[in-house]
Each structure stands twice: as structure tokens, then as C-alpha cells.
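Try each task on your own before you read the solution.

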Amino acid sequence: MAVVNYLTIPKHIFDEMLLHCKEAYPNETCGILAGKGDEVSKIYTMTNTENSPVSYFMDSKEQFKAIKNMRENNHTMLAIFHSHPSSPAYPSAKDVSLAFYEDCIYVIVSLSASGGKEQPEVNGFLIREGNVRSVSLFIHD
Amino acid sequence: MAVKVRIPTPLQRLTQGKEDVEGAPGTIINLVTELDKSFPGIGERISEGGKIRRFVNIYINEEDIRFLQAEATVVKDGDEVSIVPAIAGGR
């Protein structure tokens, strides 16, 4: 699978991702961004089965359903997002060690500024074999 | 008709890019062992010491094997097995 080095996200999907993260606050939450090439066209907001402010584990049943839905729509899983309620938008050691999807961009939404009441910080990364590399996220109307 | 095994993208470099491969009927752990003979290295990515790794989910058709008989769950010709690495992390 070709690896994308940046991601293009429609604003309504970007906003839905931020809302999902804010609604879960002070816990972490997660989801999937899917589409074709570098263009996101679908968001799957998921449940964090750990209900924790410091960790997440995507509901595996929801994940399985999303994978089937992506296949039916001829979409690719382009990105995995999760929130950091109280830490910066940068992968933690645990994020890096559990980054099995090396072809996906890991998007991290930090709500650490005023509990997410201010504009969250959002960054994207490729994580491969323990190495973290920043990638650009382009938001458009 | 064999068992169809869906390989997730993180493991497709071990299957020469194949998204689907054929699996052996029998228990899931036997299927993983047999897969490793065709695609060396895939076994240890999925299992450890005869157990499926915590961060790997396996489905038979629509059912998570953890809600069946786990590693001892039997698959038969015509079944579809999906290997799905978990998505997890945390600060």
C-alpha cells in the first residue's frame, strides 16, 4: 500500500473529530479517518473501551465493522486518531509501541489547553519501527 | 473450498502483498502455525506461546474468537478468518 505523507481533511470531518474528542473529555477517545489517496472522505467515531484519561483501546467490534464498511466503499484506512486530554499532540511511548498500522497516519488531538475549550492542537505522524515523523494535515472547506 | 484468511495491511508485507490467503481447516492456533510455514514470521506477529496476542483480534466470519473457544475455536472450509491488529495507545 502506498504511504501518504500528508492528509487532506474536509473541515466538517475535522470538526466532527474534534467534537468527538471534546465529548469524551476528560477521557481519551479514538476513531478512524478513511478515504482514497490522501483525501479523507469518511470518519468513524469509535468507543474507547478503557474509559480512561490516560489510555485508549478501540472497541474491536466497532473496528471490525468499520473495516468491512471501508472495504465495501473501496476506501482505505488513512488515519487513526485519538485524543490526549492532558498532554501535547505528540505520540507517547505507549502510542509508539502500539502503532501496528505503519501505513496509516496517526492523528493526535490535544485538549490540554483549557480542557479543549480553546482550539485543540492537532498533529499527524507516521510511526514506523519506533520512529516518529511529522506529516502535514490540510484542512479545507 | 478452503478457509479464507484476510490479512491486515500491517502483515501484508509478510504475504507478498496478498490481502487474502488460504488457511488450513482445524483450530485457529493450528491455522496460525500452518500460515507461518507459508509466510515465515507471521506466526509470531499473531501469537505467542500458543496464545493469540492481546493486541490481535481474530474473527471467524462475524464472531470474535474470544467469545467462542479462543485459540481452540475450529474453522472449517468456507469460513472466513479476519486478523485485525488492535488500535490502542495512551499517554
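Two residues are in contact if their C-beta atoms, placed from the backbone, lie within 7 Å. Keep in mind that this model is predicted.

**Exercise 1. The fold of chain A**

Work out which elements chain A has, and in what order they run from the N terminus on.

Solution. Start by counting: chain A has three helices and eight strands. Along its principal axes, the C-alpha trace spans about 40 × 35 × 30 Å. Finally, turn to the contacts in chain A with a separation of 6 or more: 66% of them are between residues 24 or more positions apart.

**Exercise 2. The largest nonpolar core**

Find which residues of the largest nonpolar core touch the most other members.

Solution. The core holds 38 residues, and those that touch the most other members are Leu33(A), Leu78(A), Ala79(A), Ile105(A) and Tyr106(A). Now see where the core comes from: the elements of chain A that give two or more residues to it include helix H1 (11-24), strand E2 (30-36) and strand E5 (76-84). Then zoom in on Leu33(A): beyond its neighbours within four places in sequence, its contacts include Ile9(A), Val40(A), Leu78(A) and Phe81(A). As a background note, nonpolar side chains in soluble globular proteins tend to be buried together.

**Exercise 3. Where the chains meet**

Determine how many residues each chain brings to the contact, and which elements of chain B take part.

Solution. Chain A brings 26 residues and chain B brings 15. On the chain B side, strand E6 (56-60), strand E9 (80-85) and strand E10 (88-90) each give two or more residues. Sorted by class, this side of chain B has eight nonpolar, five polar and two charged residues. Now follow E10(B) across to chain A: three bridges join it to strand E4 (residues 55-57) of chain A, and the two strands run antiparallel. Within this pairing, Phe57(A) has Ala88(B) as its bridge partner.

**Exercise 4. One side of a helix**

Identify the buried residues of helix H1 (residues 28-38) of chain B.

Solution. They are Ile28(B), Leu31(B), Val32(B) and Leu35(B). These residues cover an arc of only 100° around the axis, which puts them on the same side of H1(B).

Methods:
Residues numbered from 1 in each chain as written. Chains lettered and ligands numbered in written order. Predicted model: local features only at pLDDT ≥ 70, side-chain atom pairs only at ≥ 80, totals over all residues. Helix = DSSP H or I, 4+ residues; strand = E, 2+ residues; numbered from the N terminus. Nonpolar A, V, L, I, M, F, W, Y, C, P; charged D, E, K, R; others polar. Pairing = 2+ DSSP bridges. Core = buried A, V, L, I, M, F, W, Y, C linked by C-beta atoms within 7 Å. Buried ≥ 20, exposed ≤ 12 C-beta atoms within 10 Å, placed from the backbone. Arc of directions from axis to C-beta.
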